[in-house]
Amino acid sequence: MTITPDGSVVVQRHIKARPETLFSFFTDADRWLSWQGIEGVFDPTPGGAYRMRVVGEATASGRFEEVDPYTRIVFTWGWENEGDPVPPGSSRVEVTFAPEPDGTLLTLTHSGLPEPARGPHQEGWEHYLDRLAVRAPGGDPGPDHWMEQNPA
């Protein structure tokens with residue numbers, strides 16, 4: 001976990017799953033919602049939109065910019081909640097999938113975040129990538145404890 005000099009949040013995880021498998025957890029709605037979010041709709045094509053209720057009434061939305069099968073996916077990110085410092089489409093998330101002998105090195109870089117939003121987004125991505133690291137190889141990350149703290 002790192003916050004770069006330009007303010008980007010970078011989170012890496014070695015996950016015991018192939019890049020093809022991990023990529024599907026960012027392109028298939030049911031798979032995505034198995035590690036992050038309550039409900040959502042996703043059109044993982046360049047220009048396609050997504051909208052996902054993450055916890056409580058907190059809803060993230062944006063558009064897919066680049067979808068390079070099994071290597072990289074880029075989408076805009078923001079929150080629909082009134083007054084949030086990161087409105088929809090105002091920041092950018094890039095996820096890369098680098099094959100390794102026993103899995104994949106996933107690197108998530110979230111750029112364009114205003115300073116007060118960097119820490120909370122870093123914490124959020126750490127939390128959800130930990131869940132993905134359990135789910136992608138076939139495990140069950142269990143109930144998302146953030147849901148219990150932020151009920152709808």
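## Pocket lining

Strand S4 (49–55) and helix H3 each supply at least two residues of the lining of the largest pocket. Helices (H or I, at least four residues) and strands (E, at least two) are DSSP runs, numbered from the N terminus. The largest share of that lining, 7 residues, comes from H3. This is a predicted model, in which local features need pLDDT of at least 70 and side-chain atom pairs pLDDT 80 or more, while totals for chains, interfaces and linings use all residues. Residues are numbered from 1 along each chain as its sequence is written, and side-chain values use heavy atoms, without hydrogens or water.

The largest pocket has a volume of about 370 Å³. Of its 17 lining residues, the closest to the centre are Trp79, Pro120, His121, Gly124 and Trp146. A pocket is an open set of points on a 1 Å grid over the protein atoms alone, where a 1.4 Å probe fits, with protein on both sides within 12 Å along at least five of seven lines; lining residues have an atom within 4 Å of a point. Points are joined across faces, edges and corners, and the volume is the space filled by probe spheres set on them.

## Arg131 in helix H3

Arg131 lies in H3, which spans residues 115–135. Arg131 is buried but has no salt bridge. Buried means under 20% relative accessible area, exposed over 50%, and partly exposed in between (1.4 Å probe, protein chains only). A salt bridge puts a side-chain nitrogen of Lys or Arg within 4 Å of a carboxyl oxygen of Asp or Glu. The nearest side chain of opposite charge is Asp144, 4.2 Å away. For charge, Lys and Arg count as positive and Asp and Glu as negative; His and the chain ends are not counted.

A polar side-chain atom of Arg131 lies 3.1 Å from the backbone oxygen of Gly142. Beyond residues up to four places away in sequence, Arg131 touches Ser34, Trp35, Pro141, Gly142, Pro143 and Asp144. Contact means heavy atoms within 4.5 Å.

## Salt bridges

The structure holds 11 salt bridges. One joins the side chains of Asp130 and Arg13 (2.7 Å, N to O). Asp130 lies in H3 and Arg13 in strand S2 (residues 9–15), so the pair ties together parts that are 117 residues apart in sequence. Asp130 is partly exposed, at 39% relative accessible area. Arg13 counts as buried, at 16%.

Glu66 and Arg92 also meet through their side chains in a salt bridge (3.5 Å, N to O). Glu66 sits in strand S5 (residues 58–68) and Arg92 in strand S7 (residues 91–100), so this pair links parts 26 residues apart in sequence. Glu66 is partly exposed at 27%, and Arg92 is partly exposed at 30%. Arg72 bridges to Asp68, with the closest N and O atoms 3.7 Å apart. Asp68 is partly exposed, at 31%. Glu65, Glu66, Asp68, Arg72, Arg92 and Glu94 are linked in a network of salt bridges.

## Ser61 in strand S5

Ser61 lies in S5. Ser61 counts as buried, at 9% relative accessibility. Its side chain makes a polar contact with the side chain of Glu80 (3.0 Å). A polar contact is a pair of N or O atoms within 3.5 Å; within protein, one must be able to donate a hydrogen and the other to accept it, and residues adjacent in sequence count only if both atoms are side-chain atoms.

Leaving aside neighbours within four places in sequence, Ser61 is in contact with residues including Tyr50, Arg51, Trp77 and Glu80.
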